[in-house]
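Subject: Structure for your review

Dear colleague,

Please find the structure below, together with its sequence.

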Amino acid sequence: MLKSLFTFITASLLLVGTAGAAETVKLALIDPLTGPMAGAGQPALEHLKFEAKRINANGGIAGKQLEIVGLDNKVNPQESLVQLQKAIDSGIQYVTQGNGSSVASALIGAVGKHNQRNPGKEVLYLNYAAVDPSFTNERCSFWHFRFDANADMKMNALTTYIAENKDIKKVYLINQDYSFGHAVSKAAREMLKEKRPDIEIVGNDFHPLAKVKDFTPYVSKIQSSGADAVISGNWGQDITLLVKAAAEFGLDAPFYTYYGASSGVVTQLGDKGVDRIYQINEYYGDFEDPEMAKRQVEMYKETGWDFYYLRLSTMLDMFKKAADKAGSTDPVKVAKAMEGLTLETTNGEVVMRAEDHQIQLPMFMSVMKDDMKYGAEGTDYNFHKVARIEREDVTLPTTCRMRRPK
Amino acid sequence: MLEIVIFSTLNGILYGLLLFMLSSGLTLIFSMMGVLNFAHASFYMLGAYFAYTLGMHTGFWPALILAPLLVGGLGALVERFGLRRVHANGHVAELLFTFGLAYVIDELVQMVWGTVAVAYREPEYMREPLFTLFGTDYSIFRGVVILISILMFVALWYLLKKTRVGLMIRAALTHGEMVGHLGHNVPRLFMGVFGFGCALAGLAGVIGGPIMATEPGMAATLGPIVFVVVVVGGMGSLQGAFYASLLIGLIQTFFVAIDASVADLVNAMGANLDPYGELGRISLATLAPMTPFILLVLILIFRPRGLMGELEP
């Protein structure tokens with residue numbers, strides 16, 4: 001009697017176990033989780049895990065439970081390909097990555113090759129932050145979806161804001177020396193020339209990615225150039241240390257950045273960053289929406305990281321919506337459902353443009369302020385919205401001619 | 001232009017002095033024990049992390065003393081219970097031992113303090129400007145760092161040249177066995193020097209941490225440059241290490257500051273390079289992080305014994 005009960009229980013447990021295992025869909029995050037750029041990868045991992053819980057509570061992805069797997073690539077393209085292979089070998093069909101267009105470039109190539117050679121075992125690459133414009137232009141791929149505005153769109157929004165500020169006459173550009181940094185610099189020069197031909201570019205510097213520890217030599221150069229605004233696309237440690245050095249040397253020029261609210265900036269700068277660091281992003285630190293405020297408070301309490309990557313939430317929500325619509329987690333079907341998909345977010349409607357798989361969304365210019373209701377990193381500082389740039393004003397045409405699977 | 005020269009000089013000297021603090025310990029250990037300590041930069045990292053943790057309880061100044069002592073003690077233990085045993089198996093075993101140790105320390109730091117940078121900062125009052133020149137502030141902390149480095153340099157010189165211990169160390173550098181035969185405890189001296197070298201690295205970490213960012217990658221970024229300093233200065237030469245540190249510090253900061261391209265530099269020396277070519281248009285600022293290694297290659301080709309080295313490596 002007891003024995004049969006025992007076998008029944010174990011058998012049913014085993015069944016539940018296997019059933020549970022079959023009902024998951026895994027998403028691998030390939031990003032720097034250690035090393036100098038871990039400050040960009042770790043919060044993304046925590047954000048994904050935090051939001052996955054919400055997705056799973058709401059029925060998961062097409063009925064399956066979403067599981068996030070973190071794979072460390074140390075911002076190294078070769079290492080990323082090893083991790084991608086590892087993910088593929090363990091049956092993962094969805095990968096996401098954001099930090100480093102150099103890495104994204106390698107992943108797009110590898111995913112495309114894999115999908116061509118392994119029909120029926122396709123892998124989808126969801127890009128949440130690698131913003132080299134070419135990925136949704138001349139190098140666009142059916143297997144790649146970008147959930148962040150690309151570097152040109154961000155610069156389009158940023159220069160629109162700068163163009164209205166007539167006090168700015170001299171601009172200094174400082175960027176990381178790789179495809180993304182050069183894209184930022186090129187876009188800044190072209191767009192400023194068009195929108196404000198009177199602005200003079202007094203410097204255009206490139207420094208190696210994640211190698212510079214002491215930015216003081218660059219800062220004295222900016223200081224002596226007489227610039228009254230600095231534009232930088234730096235991310236990770238490169239933005240934290242840059243603005244830290246600028247604050248230390250009393251550089252008064254404001255920084256217009258892509259990633260000024262990266263982890264570590266408010267802690268490192270404190271008072272010296274107030275009214276000085278601007279960020280163009282899809283979100284800001286006011287958390288006017290009570291639902292977002294709730295997530296910020298909960299996530300900070302649970303993980304010690306701020307609710308910073310709204311685009312990761314958007315990405316997961318769109319992933320869910322597309323899979324639910326397709327009624328499947330098959331990457332080809334999900335990809336087809338994702339094309340042209342719209343989603344109502346806290347900032348209004350966003351669209352995944354079918355032509356080039358580039359999300360279309362409104363952007364916000366925000367500036368670091370003290371005494372904010374929801375402070376970042378446990379301080380009272382956060383980024384306060386100063387301007388909203390509508391979707392129509394951010395969007396840019398694409399040259400993409402996508403090849404779709406039959 | 002003048003402001004760039006002044007601030008670049010100050011920054012270069014500060015960076016150079018930090019490098020010297022690291023490389024002086026390394027070169028002392030090398031010349032005495034013949035061990036190239038691959039884990040040296042890891043002790044520098046430990047110094048920064050110890051000061052960060054201690055500083056939260058004791059404040060900056062006590063941490064400035066305690067953290068290097070702790071690192072030095074740790075170094076002495078490593079020598080006593082690790083290196084000394086491995087020593088019997090020759091230099092290759094010692095090299096491999098320190099190589100492995102560097103990895104172990106890296107992993108331990110990540111386990112204890114996490115994989116991202118910690119908020120190790122100088123005390124609030126030291127962030128105020130010491131002086132302001134051409135609208136640029138120079139913080140009190142940077143002044144303090146330069147002062148501490150110079151004091152340390154003087155103390156090191158005094159210790160080696162004017163004290164009995166220094167006499168023993170200098171004797172042991174060249175005639176280790178003879179010093180032993182005279183009744184001195186050479187293994188204990190080795191342990192002391194190793195610990196002292198590590199303590200210097202730790203001190204560099206304490207004052208370098210707030211300037212360079214305290215994160216698990218800090219050992220890996222500075223490690224190779226410290227070796228460059230030792231080779232350029234001449235293996236085992238303290239004086240050489242001093243000049244090499246300052247040279248590298250200044251070159252690196254000036255390369256960033258000068259707005260010129262490779263073509264400008266080479267053409268100024270009389271060559272004729274296309275200023276818009278692939279090579280010629282590279283700006284010197286982009287090359288800056290590479291300069292220590294370019295210098296290393298040049299030195300190894302033209303002066304293999306280094307600036308002041310006595311031995312052929």
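A residue is called buried if 20 or more other C-beta atoms lie within 10 Å of its own, exposed if 12 or fewer do, and partly exposed in between, with C-beta atoms placed from the backbone. Helices (H or I, at least four residues) and strands (E, at least two) are DSSP runs, numbered from the N terminus.

This is a predicted model, in which local features need pLDDT of at least 70 and side-chain atom pairs count only at pLDDT 80 or more, while totals for chains, interfaces and linings use all residues. Residues are numbered from 1 along each chain as its sequence is written, and chains are lettered from A and ligands numbered from 1 in the order in which they are written.

Helix H5 of chain A covers residues 151-163. Ten of its 13 residues are buried, so H5(A) is largely enclosed by the rest of the structure. Among the buried residues are Ala151(A), Asp152(A), Met153(A), Lys154(A) and Ile162(A). H5(A) reaches 18 Å from its first C-alpha to its last, close to the 18 Å expected; the expected span is 1.5 Å times one less than the number of residues.

Helix H11 of chain A (residues 310-326) spans 24 Å, close to the 24 Å expected. Twelve of the 17 residues of H11(A) are buried, so this helix too is largely enclosed by the rest of the structure. The buried residues include Met315(A) and Phe319(A). Their cover includes H2, S4, helix H12 (331-338), strand S11 (342-345) and strand S12 (348-352) of chain A. Just after H11(A), Gly327(A) takes a positive phi of about 65°.

Leu126(A) lies in strand S4 (residues 124-127) of chain A. Is Leu126(A) buried or exposed? Leu126(A) is buried, because 24 other C-beta atoms lie within 10 Å. Not counting residues up to four places away in sequence, Leu126(A) touches Tyr94(A), Thr96(A), Phe145(A), Phe147(A), Met315(A) and Phe319(A); two residues are in contact if their C-beta atoms, placed from the backbone, lie within 7 Å. The C-alpha atoms of Leu126(A) and Arg146(A) are 6.3 Å apart, although 20 residues separate the two along the chain.

Chain B: a bent helix and its neighbour

Helix H3 of chain B has 28 residues and reaches 37 Å, close to the 40 Å expected. H3(B) bends by about 40° at Glu79(B), the bend being the angle between axes fitted to the seven residues ending there and the seven starting there. Glu79(B) is also one of the buried residues of H3(B), as are Val78(B) and Leu83(B).

H3(B) packs against helix H4 (residues 91-113) of chain B at an angle of about 145°, with the axes 8 Å apart. Here axes are lines fitted to C-alpha atoms, for helices over the stretch in contact, and angles run from 0 to 180 degrees between N-to-C directions. H3(B) contributes Val78(B), Gly82(B), Leu83(B), Val86(B) and His87(B) to the contact, and H4(B) contributes Ala93(B), Glu94(B), Phe97(B) and Leu101(B).

Where the chains meet

The contact takes 30 residues from chain A and 31 residues from chain B. Which helix gives the most to the side of chain A that touches chain B? H7(A) does, with seven residues.

Yours sincerely,
A colleague
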